[in-house]
Amino acid sequence: MAGLIDLVQTLTTPHTLDRYLELVHPTLTVRDMRAEIVEVDRDTRGSVTLTLRPTRQWRGHRAGQYVQIGVLIDGVKHTRCYSPIDPQGDGGDRRLRLTVKAHPNGLVSQYLRRRAEPGMVVDLAPATGNFTLPEPNSERIVLISGGSGITPVLSMLRSLDAREHRGQVVFLHYARSPEMVPHRAELVRIAERRPNFHIALGYPGTWPSEVLSGAPWSCAASPISGRFGYDQLERIAPWFATAQTYVCGPASLMDAVRTVYEAEGLEDRLHTEEFTFTATPVRPDEVTGTTIFSASGVTAGNTGASLLEQAESAGLTPEHGCRMGICMSCTAIKRSGCVRNLRTGELDADPDHPIQLCINAAVGDARIDI
Ligand SMILES: Cc1cc2nc3c(=O)[nH]c(=O)nc-3n(C[C@H](O)[C@H](O)[C@H](O)COP(=O)(O)OP(=O)(O)OC[C@H]3O[C@@H](n4cnc5c(N)ncnc54)[C@H](O)[C@@H]3O)c2cc1C
Ligand code: FES
């Protein structure tokens, strides 16, 4: 069969067979994986949950992983990462759910929140990522999330529920208000079903926190108040030093959790996932020179921002996805000059070298081929 596909592929060159098949139906593919949106739920303020039916190439995901979807907006394909909220599985049920928070000024998330509808087809890449539950399972697990960071840890919680995990589980989620917690009804159902799962929702500075279940080891009716900190963690999961902890959320929450685990010498028990990255500050003496975007003939003064942001500020629209160095969709050739990797701090002065625009900043003059 693969040989026959290769032969037909040769006959249809320069276009792939899938380019022709999509004229018949967008989800009729031999190689490319796509997914059709079959359900759209806008019940939670500020976000949308999409149920997708992937094409037959879908092999499922491990709880905590993410997929990339490509969404066509005004004729241009935009790729973004989203973490499925379903329990871990091999994809046999051909269902995939994504919860997308509408980001202020966000192109794709706002589009999906406003315009996604059943029948829309998106590109889909296989699930990937190392933010996954341990195999075999740890007896004790702490899951912490904030805002849209709930998605990968919700998948973990649902997987533990599906496996009827008998150990102690704490799920601690922070939001601005109760109506901004997605999948709340399901959290309540899990809490009722699993007395060994302790589910708490915190609304720092706004509403009183809520406890959806009271585990035997907890003596607190309202175990969390205010922002995340050692006392709060100790109160809700006094055994956290012996647990595996998973956290995903905004930078402030991630920093607070890291501070506690580093102070306790427990870094190896902490697993983190971020949707954005915090750039290492560039040295002021490096913010000099001119950046030339050679393919478009645009020149900009170096501001020290990432090359993606510099290009966007100069009116260009380079392809991008994650904006944090993982999806590779912003890769472009640096023809000359030096750049600093904003994640690792490393310098790269090689000519004609591929770089990721979102995580590199120019050091002096640079010529980039976009
Ligand atoms: C591994 C991973 C998993 C993820 N999982 C989820 C998930 O499950 N749910 C979820 O909601 N999100 C998730 N995300 C985030 C998601 O991929 C998108 O980043 C998010 O939806 C915003 O995309 P957007 O197109 O709406 O925003 P974009 O248009 O890409 O903008 C993103 C940010 O960049 C800024 N920006 C845009 N244009 C410019 C410019 N010209 N100059 C400077 N800044 C600019 C915007 O103001 C905004 O702050 C995940 C990200 C990663 C990396
Ligand atoms: S946008 Fe994903 S690596 Fe740059």
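Me: Which residues are buried in H3?

Reply: First, a caution: this is a predicted model. Burial is read from relative accessible area, and buried means under 20%. In H3, the buried residues are Val 108, Ser 109, Gln 110, Tyr 111 and Leu 112.

Me: What do the buried residues of H3 pack against?

Reply: Look for contacts, that is, heavy atoms within 4.5 Å. Here the partners are strands: E2 (47–54), E3 (67–73), E4 and E5.

Me: Which helices and strands each supply at least two residues of the shell around ligand 1?

Reply: H3 (107–115) is one of them. Helix H8 (307–313) also contributes, as do strands E4 (76–82) and E5 (96–101).

Me: Which residues come nearest to ligand 1?

Reply: A residue joins the shell if one of its heavy atoms lies within 4 Å of the ligand. There are 24 such residues around ligand 1. Arg 80, Cys 81, Tyr 82, Ser 109 and Thr 151 come nearest. Ser 109 is also among the buried residues of H3.

Me: How many residues of each class does the shell around ligand 1 have?

Reply: Sort the shell by residue class. Nine are nonpolar, nine are polar and six are charged.

Me: Where do polar atoms of the protein lie 2.7 Å, 2.8 Å and 3.0 Å from an oxygen atom of ligand 1?

Reply: Check pairs of N or O atoms within 3.5 Å. Tyr 82 places a polar side-chain atom 2.7 Å from a ligand oxygen. At Lys 101, a polar backbone atom is 2.8 Å from an oxygen of ligand 1. Leu 107 also uses its backbone: an N or O atom there lies 3.0 Å from a ligand oxygen.

Me: Is Leu 133 buried or exposed?

Reply: Do not judge by secondary structure alone. Leu 133 sits in the loop between strands E6 (121–124) and E7 (141–146). Its relative accessible area is 1%, so Leu 133 is buried.

Me: What does Leu 133 touch, leaving out residues up to four places away in sequence?

Reply: Its contacts are Arg 62, Ala 63, Ile 141, Met 156, Ser 159, Leu 160, Arg 163 and Tyr 246. Gly 64 is 69 residues from Leu 133 in sequence, yet their C-alpha atoms are 7.3 Å apart.

Me: What percentage of the residues in the chain are buried?

Reply: Apply the burial cut-off to every residue. Of the 370 residues, 50% are buried. The chain has eight helices and 18 strands.

Conventions
Residues are numbered from 1 along each chain as its sequence is written. Chains are lettered from A and ligands numbered from 1 in the order in which they are written. This is a predicted model: local features need pLDDT of at least 70, side-chain atom pairs count only at pLDDT 80 or more; totals for chains, interfaces and linings use all residues. Side-chain values use heavy atoms; hydrogens and water are left out. A polar contact is a pair of N or O atoms within 3.5 Å; within protein, one must be able to donate a hydrogen and the other to accept it, and residues adjacent in sequence count only if both atoms are side-chain atoms. Helices (H or I, at least four residues) and strands (E, at least two) are DSSP runs, numbered from the N terminus. Ala, Val, Leu, Ile, Met, Phe, Trp, Tyr, Cys and Pro count as nonpolar, Asp, Glu, Lys and Arg as charged, and the others, Gly among them, as polar. Buried means under 20% relative accessible area, exposed over 50%, partly exposed in between (1.4 Å probe, protein chains only).
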